[in-house]
Amino acid sequence: MIKDLKAQMEYFEAKSECFKKAYDKHISACALLNKQMIQNSIDNSTDINDNSSFEPLKTVTKDSRLRRGNPAEPALKETGNLYRGIIKRKNLVINTVAYGEFHNDGDGVPQRRYFDTPDDFFDTPEYQVLKQELDNELKKCMRSSKKTIKI
C-alpha cells in the first residue's frame, strides 16, 4: 500500500501589473535621460553621437546675435525656442519646433544632428544606473509574486 505523499513547493506567479509598472517607469526615465542628452548636445554645440562641433551659420554672427539681445553661443540656443521645444510626453521625446528638423537633417543649413538617441545610449553610465533601478524593481516584483502550494 502506498501512502499519500505530501510536500510544499514554491512557484513563481507573474504579477503582470507589477512588471508593467516597473517597465513603464524605466521607459519614462529613459525618455527623460534622452531629453537631457539632447539638451546637452545643444548646450555643448556638439552632435548627439560623435561630439563634432556644430558648423556655424554663415548668415548669423556672434555680433548679430548680441545685437538682437541673444547670447553669442551656443549654436541652436539663440532664442531658446528650440531648446524649450524639446519635450517629454509620457514615454516619448518630441521636437515641437518645426525648424529644428531643418537643422537636424541639414535641409538648407549645415547639418547639426542634435535630436536623436545616441548610438551608445545603453552603454552610458547614466543608463546603467537606470538599468540597475529596473533590475531592483523586477526583483521586488518577483519576491512579491512567490507562492507556495501544498501537494
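## A buried cysteine and how to read this report

Cys30 counts as buried, since its relative accessibility is 13%, where buried means under 20% relative accessible area, exposed means over 50%, and partly exposed lies in between (1.4 Å probe, protein chains only). The model is predicted, so local features need pLDDT of at least 70 and side-chain atom pairs count only at pLDDT 80 or more, while totals for chains, interfaces and linings use all residues. Residues are numbered from 1 along each chain as its sequence is written, and side-chain values use heavy atoms, with hydrogens and water left out.

## Overall layout

The secondary structure of the protein comes to five helices and four strands, and these follow the pattern β-α-α-α-β-β-α-α-β when read along the sequence. Here helices (H or I, at least four residues) and strands (E, at least two) are DSSP runs, numbered from the N terminus. Of the 151 residues in the protein, 30% are buried.

Contact means heavy atoms within 4.5 Å. Among the contacts in the protein with a separation of 6 or more, 62% are between residues 24 or more positions apart.

## Helix H1

Helix H1 runs over residues 16-43, and its 28 residues should span 40 Å at 1.5 Å a residue, which agrees with the 40 Å between its end C-alpha atoms; the expected span is 1.5 Å times one less than the number of residues. The buried residues of H1 include Phe19, Ala22, His26, Cys30, Leu33, Met37 and Ile38. An α-helix has 3.6 residues a turn, so residues three or four places apart point the same way. After H1 comes Ser45, whose phi is positive, near 55°.

## Two nonpolar cores

A nonpolar core is a set of buried Ala, Val, Leu, Ile, Met, Phe, Trp, Tyr and Cys residues joined through side-chain atoms within 4.5 Å. The largest core has 20 residues, and those with the most contacts inside it are Ile38, Ile86 and Tyr114. The elements giving two or more residues to this core are H1, helix H3 (81-84) and helix H5 (125-144), and the largest share, six residues, comes from H1.

Leaving aside its neighbours within four places in sequence, Ile38 is in contact with Ile48, Ile86, Val93, Tyr114, Phe115 and Asp116. A second, separate core of five residues includes Phe19, Ala22, Leu134 and Leu138.

## Aromatic rings

Rings of Phe, Tyr and Trp (its six-membered ring) pair if their centres lie within 6.5 Å, and planes under 30 degrees apart count as stacked, over 60 as edge-to-face and the rest as tilted. The count by this rule comes to four aromatic pairs. One of them is the edge-to-face pair of Tyr114 and Phe115, at 6.1 Å centre to centre and with 70° between the planes. Tyr114 is buried, with a relative accessible area of 0%.

The rings of Phe122 and Tyr127 have their planes at 90° and their centres 5.0 Å apart, so this pair is edge-to-face. Phe122 counts as exposed at 52% relative accessibility, whereas Tyr127 is buried at 9%. Together with Phe121, these two residues form one aromatic cluster.

## The disulfide

A disulfide is a pair of cysteine sulfur atoms within 2.5 Å, and the count by this rule comes to one. Cys18 and Cys141 form this link, with their sulfur atoms 2.0 Å apart, and it is left-handed, with -85° about the S-S bond. Because Cys18 lies in helix H1 and Cys141 in helix H5, the pair ties together parts that are 123 residues apart in sequence. Cys18 is partly exposed, with a relative accessible area of 26%, whereas Cys141 counts as buried at 1% relative accessibility.
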